[in-house]
Amino acid sequence: MTVAAASATAPPPAAGRGVPVLALEGVAAAYRQREVLVGIDLAVGAGERVALVGPNGAGKSTLLRVAAGVLLPTAGQVRLLGRPIGELDRVAVARRLAVVPQGASLPFAARVEEVVALGRLPHEHPLLGLGPADRAAVAAAIERVGIGHLVGRDARELSLGERQLVLLALAVAQGSPLLVLDEPTVHLDLRHQVEVMALLADLNDRDGTAVVAVLHDLRLAARFFPRIVVLDRGRVAADGAPGEVLGPELVRAVFGVDVEIALGTA
Amino acid sequence: MASRGETLASAVTVGRPRTPPHRVGLVAGAGLAALAVALVAGVALGPVAIPPAETIAVLARRLLGLDLPVAVAPAVEAIVVDLRLPRVLTAMVVGAGLGIAGATLQGLLRNPLADPYVLGTASGAALGAAIAVLLPVRVLVLEFGLLHGLAFLGALGAIALVYRLARLTPLTPLTGLLLTGYAVGSLLAAGLAMAMYLSGTSLRQIFAYLLGGLDGASWLRLAVAAPLVLGAGLAMTARARALNGLLLGEEAATTLGIDVRRERALLLGLAALATAAAVAVAGLVGFVGLVVPHLVRLVVGPNARHVLPLSAIAGALLLVVADLGARLLGNLPVGVVTAVLGAPFFLALLRRTRAGYEL
């Protein structure tokens, strides 16, 4: 493997053993003066599946935005596959990390497959657009997310849940080794919630895509994610397997409610 | 029926994305063919009608270097070469510039109501032109007078001012640009109103500029405006990728690998350049830059890689036809004709969504 060959057009290097796909080192972030994240240390290894949970305003979405390079940290460093995010251009970041947009509005009519094809923007030829490989990736993503029946329809006519699936397909078509999702199930019915979770698990198991998802539903998180990170007031309050993390004391301390999370696998 | 069949077919061929390039090529070919016909018609028709054969003979010799065996009287050749051809070609360049600048600004601002004039360019150009009319100075460099120069600078200056001021606001970039553009535009429009109030007998001259027209077309002016419009148009088309990313919003574009801030500055500058060159030679021709990109999107969808060049072709076509109509109807202002031609056509298309695209 020659280093020189790893040009801008080459896919990002496969995560070497031990190099985390995503690493946040002492990251702090703020909107204007308001501190939202304080001293976050978090590493996500290749092929890991991590659910990010916590009460509203804990900084979950902010953490994802910092990881994606959309928001600059006020302190600390973000690394994608070992490289500091500040050293990477936008296309290089997009080839390492795909974000499922949290609901997007389209100013003009666009067919479902045209929206999914936007996931190929970091890969397609800058002047000529989609090539055969890109079209194949779009078709595969549509198939995989199971939205073939929506092809040809104006994405703006779809239900919120259907739109969410289209945006998920877009991120799958992007084909990055890390997939980041903010509330991927919020508009979905029960069957689609489970299907999306199963799809994330499958992408994770079969393709080795690392997944980081913000989830509100602790049962879904516990059932489908082997690792759970609890965020509270901008800090990591707990990090580990569902059984270790989602005990009644922590849930009471963080969420302020008395519940017991059924951690059975059924 | 056709659209239903299409939808069914696509539902059967699961996941085979159809953004058929051959269809876009077909539309582009049809557009160019129509443009060629409009070119011949625009040159042949007028107070002195020139037979199509002679028109084509002159065009073929002058534009393509082909010698056709058709006799053409020198007077006819003079009308074609000195008067009509520069005018028709200028209409093409201006229409193309307004079409592509409109498409870029609609995509950039994510706003279907945007047009080339939305960020203060129209008021800036008009104020520049009005000041030029009022100043007791006459300058002429390469057939360009003070009016052309100040209109050009006014358009560019207004958008530069809007861009700088918008960045000082704490608003999100798009809201900031639109609101600042509105405020600056209103301010410049007040200046324009003042200039018109003070203009006395020159009012008609300012008013003619506001309505737009191609009476001032000449080879030399065309030779200056065309490279600006075509260059900016090509550069915008080369950045179509950024506009595609912006379909889903600025944050999504960023995560799809677009350097939004840089692309926004570049595309705004290029759109402003094309607009300024267009309004400097033809005044404030309305409607082309708003409607043409929508028409194109209705036919080929939202992919900016197709929408931008096709908007240039369609804009050129619309303005050549509108100018021809304006001349045949006794030298009406071309802006009136673009609106009269464009609006009903646009309304009719809004009611039909055969291609599956709606506004």
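Guide: Let us begin with one pair of residues: Val100(A) has Leu181(A), in strand 7 of chain A, as its bridge partner. The model is a predicted one, in which local features need pLDDT of at least 70, side-chain atom pairs count only at pLDDT 80 or more, and totals for chains, interfaces and linings use all residues. Residues are numbered from 1 along each chain as its sequence is written, chains are lettered from A and ligands numbered from 1 in the order in which they are written, and side-chain values use heavy atoms, leaving out hydrogens and water.

Strand 6 and strand 7 (residues 178-182) of chain A run parallel and are joined by 4 bridges; strands pair if DSSP finds at least two bridges between them. Strands (E, at least two residues) and helices (H or I, at least four) are DSSP runs, numbered from the N terminus.

Both strands belong to an open sheet of 6 strands in chain A, whose order is 6-7-8-3-9-10 and whose pairing is mixed. Strand 6 (97-100) and strand 10 (235-240) of chain A stand at the edges, each with a single partner strand, so one side of each has no neighbour in the sheet. On average, neighbouring strands of this sheet are turned by 20° against each other, direction ignored.

A helix also belongs in this picture. Helix 9 (residues 248-255) of chain A lies across strand 9 (227-232) and strand 10 of chain A. Helix 9 runs at about 35° to strand 9 of chain A; such angles, from 0 to 180 degrees, are taken between N-to-C directions of axes fitted to C-alpha atoms, for helices over the stretch in contact (heavy atoms within 4.5 Å).
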